Each structure stands twice: as structure tokens, then as C-alpha cells.
Amino acid sequence: MLMLKENFLAWTRAHEWGAEVEVSQQLANGGKVEVWDSGVIVFTPAGKPTRDLVLSCAVHGDETAPIEICDALIEALKQGQLTPQARVMFLIANPAAINNGTRFVEENMNRLFSGAHSKGPGLVNKERVRAEALEGYMERFFATSPPSRERIHYDMHTAIRDSAHEKFVVYPYQNERPYSKRQLQLLKAMGVPVVLLNDGPTTTFSYYSVNQFNAHGFTVELGKVKPFGQNDMQRFAAAQSTLTALICEADPELDRFEHDDFMIYQVLRSINRTAEDFELNFPDNVANFTEFPLGAVIARDGETEYRVETEGESVIFPNAKVALGQRALLTVVAIPAESLELV
Ligand SMILES: [Zn+2]
């Protein structure tokens, strides 16, 4: 049996995926750690698990802070400094892109879930092969979990651009089910009280866990991309301590739910690039959630001009360089938290 290497990140870098390794090791506290593949590591507590938690990072390989957060938690669990009460699976999603120091090697992995990896050209590149493998690990992880147990998946990211809200979460489409008060409270405890609601199915990792496993899945944006070692980890302290509580405590203490604690955004429009001749009518470095005045032209797609139609319309995730047919921009508008259907 192979032993776990001392430094997990070094180990991840040394192997890219596909290495024929599977490791299992008892922990001093009676729990168990298993490595199912490069960057796929599962901790099982000694007693009955309180919840099933999936923490994924590096779906975009250059988004370093979430990798450092996962690495620190993995080390603390491995060394026995933390005793898990939850089952927790860490997914270092795209080791090849980490090794490359880039967002992705060939294709944006966060458009490849819910089977999208095998559509179109099929499993033709590393991201597609890995996305399919990650779905398999999710299935294996949830196969032994009773549906009544709390299931949470945080797919953690950092953004390329500045944001008027440093941290925010994308709450995937819930297939017409209501949103969860408790999950919002947990997100607030993580320092992420700004929520963008997705209004339909997507091919993101977090929607996959919502749709496939009925998990509380979220794309969590934790701030701006910095190189390894240059992240101010103080900025992630609330996220780290809440994740630690979810791993180690049966019932983490939460603030009372107050609508006013949250900022909720709804998608107004998704603007796709359909023409070669496409441009965004604002600087490349505009911050996410920047608001534009009524009537302002925000994008031109060939002959089509997109103007602001709604008071408070703000832009998010702009990227004029996407492939033809892909989303170049979302526009959003704030709505009162009271209007959400919550359970
Ligand atoms: Zn990302």
C-alpha cells in the first residue's frame, strides 16, 4: 500500500490525474482517510456521520485560495488536529491546470458537468475526461449516504476580476424547489451573504450536485485570484472556520435568520456572443456587479445592440473573448430577500 505523501499539494502536482493509486489509511482518532485518485481524498469519521460534505476547488486551476483552504483542512484532518464528525470528500478538480498555472488546459471545466463532457466532440481533452471522472467520484461518495442526511457541496472559486461584492455565491437552479434558510445562514457564517440565483439548469459542478444528488450545492466565489502563497488567508478566516465547524461539529451555531442580512440578485439576461464582431462597451477590468444607467449600451453583437432596460441592471462575469455561441455576459438585478421562497 502506498503511504500518503507529507505534503498533499506537492503530491497532487507530482502526479496529475490518471495515476493508478488508491490509498486507505486509519487515522489515530479511529476515522479513515482514502485517496481515490489524484486530488480525490475522502475522510470518514469513526462514528455515525453527521453530514456528507464535498469541498471542491481548482475547477479553475489558477484559483489558488480555495486550494490552500482545502490543503490546510486536509493536513489538519490527516494529522489528527481535527476530528471529523462529517464524511468529507475533497476534490482538487483540475490538477493539470494547477500544474500549468492556468484557469484550464483546454476547456473551461465548469461548463462540462451533467454529462456535457461527453456531448459535442466527446471526451477529447483532459478537462472532459476529468469532469466525467469527478461525476463518478460524486456518485461513489453519495451512494453510501442516506438521502435524509444533510448533503452539502461547496465548489469554491476566486474570480479573475474585481467585484463590488468581494464574496458571493451562485445558488444553482433548484428544480422549482424552495431555497434553504439554513444554507443561507451557513453562507453568511462563511462571510458570503451575497447570493446570485440561477434561473435554469446549467452545466456547472454545483448544479450537478443539486440535480443529481439533491445536495445543497453552491458555487462559492471567495475573492480575487492571487498566485500561490500571496493570498491573505485572514480574508478567508470566516470560510475556514465555518468549514471546520461543518466537518467537526454536529450542529454548528448560526446567527438567527434575518432577511436584511442578505443581498439577493436575480439574473435578468444572459447575453451570448453569436457574431465574430462582438464587443463589450465597457473597460475589460470592470468589477462584477457594476451597475449601468438605463439606456446605456453594454454590448454589441454584430448588428444587435444591447442596452440597459431595467433600473439597477448590473453586469457580471463579462468575457468578450468566449467562443461563438457561448455566454459573454450576465446581467442581474437586486431583489428583496423577502421575495424568496424559503424553507
Ligand atoms: Zn472559477
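**Notebook: packing and rings**

I began with leucine 184: leaving aside neighbours within four places in sequence, it is in contact with Tyr171, Val195, Phe257, Phe262, Leu340 and Leu342 (contact means heavy atoms within 4.5 Å). I kept in mind that this is a predicted model, where local features need pLDDT of at least 70, side-chain atom pairs count only at pLDDT 80 or more, and totals for chains, interfaces and linings use all residues. Residues are numbered from 1 along each chain as its sequence is written, and side-chain values use heavy atoms, with hydrogens and water left out.

Next I checked confidence: pLDDT (the predictor's confidence in each residue, from 0 to 100) averages 91, and 94% of the residues score at least 70. Over residues 1-8 I found pLDDT below 50.

Then I turned to the rings, and a search of the whole structure gave me 16 aromatic pairs. I used these cut-offs: rings of Phe, Tyr and Trp (its six-membered ring) pair if their centres lie within 6.5 Å, with planes under 30 degrees apart stacked, over 60 edge-to-face and the rest tilted.

Phenylalanine 168 and phenylalanine 317 form a tilted pair, 6.0 Å centre to centre with 40° between the planes. Is phenylalanine 168 buried or exposed? I noted that phenylalanine 168 is buried, at 0% relative accessible area, while phenylalanine 317 is partly exposed at 23% (buried is under 20% relative accessible area, exposed over 50%, partly exposed in between; 1.4 Å probe, protein chains only).

Last, I listed one aromatic cluster: Phe113, Phe141, Phe142, Phe205, Tyr208 and Phe213.
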